[in-house]
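Please go through the model below, starting with the chain as a whole and then turning to one helix.

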Amino acid sequence: MSDERAENRRFWEEEERKLDELMYQAVWPGGEEAVKRLAKQGKQPVRQLIQKLIDEGTEFYELGVIAGFGMNYPEVDDVPCGGIVTGIGKIHGNWTMIIANDSRVKAGTYFPITLKKHMRAQAIAEQCGLNCVYIADSGGAFLPMQADVFPDDGHFGSMFYNMARMSAKGLKQITLSTGGNTAGGAYIVFMACQAVMIDKLAYSFLGGPPLVKAATGEVITAEDLGGARVHTQISGGADYFCRTQDEAIEKVREILSMEPPQKIHIHRYEEIPPRVPVETIYEILPAKIHQGINVRAFIQAIADDSYFVEYKKTYAPGRGDNIVTGKIRIKGIPVGVIAANGLGIIFVEAARKATEWIVRCSYEKVPLLFIQSSPGYMVGSESEHMGIGKYGADMVRAVSCAQVPRIQLVIGPDNGAANYGMCGRAYRPHFLFATMRARTSVMSGRSAAEVLLSIEERKRASEGNPMTEGEKQAFREKMIEKYDGEAHPFFCGARLLNDRVLKFREIRDWLAFAFEVSLLKPIGEPSFGNFRF
Ligand code: COA
């Protein structure tokens, strides 16, 4: 192995070790003490419950694990895991979205990031046609931030709006209440298609005992106001009474045992493992983010049999192959690929080829994988005069309108309009995965520093106080640190700009899972509107 390959490998393994550390903090908020406190209340850590809820021996595909770190909210900087666990697992063989408050994080209350994560999980469920199970254990809105979580679209009320709309579409909304569900939180129980409550653990009321006393003078315990007995025997607001969390989990499984089996809407071939070992990814991806990559070698490490049928391979060498297009299978699922190659700068020819391929795959009803490592479209007069604006826009239009499932995987720079053309968050990919090599920002730190420096220089000169060389260098360094910091997968993952930061060795498994889930709904007919070409 060459020195460079060995060095790359050491570098990425160390980067993924840092990811492991952060994920550990997310999964064990409050450490052993918090687990003991839960046990005293008769509760298990939330992931333990989820593992019992899903089919034995199957995997829970957890999303947004590093959400909520470094948020700088009032009172708290970190909200481990965003205070809520979301992910997809199989219940009686059917993929199901699970959304579960983690009461170890400020009593499972909703911060802005908690809401965003909850809503993102609901959006995935709706887009893919998944039933939802809510494990509700939340003190409701995080009160010091009520203005940021309560009144707006996308705030608290949207969770219930989504439940109602999904239920109307036939997607089951099941709530297992295992803690306090006060005020707005009570609707997570009452809006459910079916709700399970646990004796002396679960409470649901529009106003808790202190509010009731203040409002009406009535003195009443939480149990008598809105405990499991009240709602399953008197109000009828919940449907099943259980004594323990384990019994409640079994009840939810029972409720979902009569669901019809899901099926995938594409022919799935027999799976063939790649011939190129996964370790290759660690060796071929340069530690330097802005160094070019050989994306064909990357594709071989994730594709069945390492087999890639490349489309227009010989077209416009040096200009057309900054984007590589073609087909692979991932665990037997056919996938159309649009992948940034080399330095990833998208020339007119590459944009046209990509657009053509997206349209072709849409007509063939083949789902799309965007492998993003592009710092942007080619700039300059030659490119502008050749129509990079309109051809880039055509690519963005094709990405926006393609009706097939689309997944984005970021393995390098992800800047400017290339974020759009390669199916970034705003283009609503079914899933968006990052890796430790992803850098998502409007432009790279270096470019941003130069743009901002030229503005600052002009301003200072007009004030008659021109910048010294030392000041310019300090300004550059500060901007590079800021922009590169904000592009980092930890920063983006904390804000849920991706659905998960994957380790290189997880990519194939996660893509297969994500395409399978995305294909549970039939694929519609293509319709693209007004292309310019
Ligand atoms: N907003 C902000 N912080 C809250 C909160 C809220 N709505 N509810 C709880 N917390 C905080 C507590 O202050 C405590 O913080 P600390 O660990 O820094 O001291 C932490 O969350 C744990 O709360 P605690 O009351 O100790 O947990 P518990 O398991 O004994 O009780 C509840 C959980 C949810 C039953 C209880 O906290 C409660 O009734 N909260 C208020 C609920 C409410 O009225 N919400 C209305 C908003 S819609």
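**Chain and helix H18**

This is a predicted model, in which local features need pLDDT of at least 70, side-chain atom pairs count only at pLDDT 80 or more, and totals for chains, interfaces and linings use all residues. Residues are numbered from 1 along each chain as its sequence is written, and side-chain values use heavy atoms, with hydrogens and water left out.

Q: What radius of gyration does the protein chain have?
A: The radius is taken over C-alpha atoms, and the globule rule is 2.2 Å times the number of residues to the power 0.38. For 533 residues, a compact globule would come near 24 Å; this agrees with the value for the protein chain, 25 Å.

Q: How far apart are the end C-alpha atoms of helix H18?
A: Helices are DSSP runs (H or I, at least four residues), numbered from the N terminus. The expected span is 1.5 Å times one less than the number of residues. For the 18 residues of H18 (residues 445-462) this gives 26 Å, in agreement with the distance between the end C-alpha atoms, 26 Å.

Q: Which residues of H18 are buried?
A: Buried means under 20% relative accessible area and exposed over 50%, with a 1.4 Å probe and protein chains only. On the other side of H18, Arg458 and Ser462 are exposed. The buried residues are Gly445, Ala448, Ala449, Leu453 and Arg460.

Q: Which helix do the buried residues of H18 pack against?
A: Contact means heavy atoms within 4.5 Å. The packing partner of the buried residues of H18 is helix H19 (469-487).

Note on methods
Helices (H or I, at least four residues) and strands (E, at least two) are DSSP runs, numbered from the N terminus.
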